[in-house]
Amino acid sequence: MKKLIYIFMIGSLFSSANYSIKQIENMVLKIHNKRPSLDVSILENTYEPFVSKEILQTEDETKTEVLKPIQKDEKIELHAILGDKAYINNRWVKVNDIINGYELKYIGKRGVVLQNGNYIKKLLFHDKNNNLIKLEGR
């Protein structure tokens, strides 16, 4: 029974790909033809296609949806921790300070936690990855 099903599936595949040589040649010609492109000056004036969606709640309890361009993260490097301060990107910071749009939320023995809206970034010693976590439903 399985063999019969396999034969039927393979047969249907081959029967659906029934192109003539002329049809294949026409498809190849369409691919090789030069397509028009946009001028670079037009592309420079386009808006950022990648946006993040945030829902903001105002004082009068109305919710508005805001679309903001996603910014490329600048590299944030943790160099040292001394007591209640951390040396990040060549400056000493403490809890609630802002570093590249992220607020420093926690300083531990082995790393720090930064937050920017729904995004949380953990910086740990000896970890070259910027651990970025997006919190859903906030």
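Biologist: Which residues does Leu-104 touch, not counting residues up to four places away in sequence?

Modeller: A contact here means heavy atoms within 4.5 Å. By that rule, Leu-104 touches Ile-88, Val-93, Lys-94, Val-95, Asn-96, Asp-97, Ile-99, Val-112, Val-113 and Leu-114, with residues up to four places away in sequence left out. Please keep in mind that this is a predicted model, in which local features need pLDDT of at least 70 and side-chain atom pairs count only at pLDDT 80 or more, while totals for chains, interfaces and linings use all residues. Residues are numbered from 1 along each chain as its sequence is written, and side-chain values use heavy atoms, with hydrogens and water left out.

Biologist: Which residues make up the largest nonpolar core?

Modeller: A nonpolar core is a set of buried Ala, Val, Leu, Ile, Met, Phe, Trp, Tyr and Cys residues joined through side-chain atoms within 4.5 Å, where buried means under 20% relative accessible area, exposed means over 50%, and partly exposed lies in between (1.4 Å probe, protein chains only). The largest one has 12 residues in all, namely Ile-76, Leu-78, Ala-86, Ile-88, Val-93, Ile-99, Tyr-102, Leu-104, Ile-107, Val-112, Leu-114 and Leu-123. Strands E4, E7 (102-107) and E8 (111-116) each supply at least two residues of this core, and E7 gives the most, with three residues. Strands (E, at least two residues) and helices (H or I, at least four) are DSSP runs, numbered from the N terminus.

Biologist: In what order do the three strands of the open sheet stand?

Modeller: Two strands pair if DSSP finds at least two bridges between them. Here the order is E3-E4-E5, and the pairing is antiparallel. Strands E3 (78-82) and E5 (91-94) stand at the edges with a single partner strand each, so one side of each is left without a neighbour in the sheet. E3 and E4 (residues 85-88) pair over four bridges, with Ile-81 opposite Ala-86, and E4 and E5 also pair over four bridges, with Val-93 in E5 as the bridge partner of Ala-86.

Biologist: How many aromatic pairs does the structure hold?

Modeller: Rings of Phe, Tyr and Trp (its six-membered ring) pair if their centres lie within 6.5 Å, and planes under 30 degrees apart count as stacked, over 60 as edge-to-face and the rest as tilted. The structure holds one such pair. The ring centres of Tyr-87 and Trp-92 are 5.0 Å apart and their planes stand at 50 degrees, so the pair is tilted. Tyr-87, at 24% relative accessibility, counts as partly exposed, and Trp-92, at 43%, also counts as partly exposed.

Biologist: How many residues of helix H2 are buried?

Modeller: Of the 12 residues of H2, the number buried is zero, so the helix lies largely in the open.
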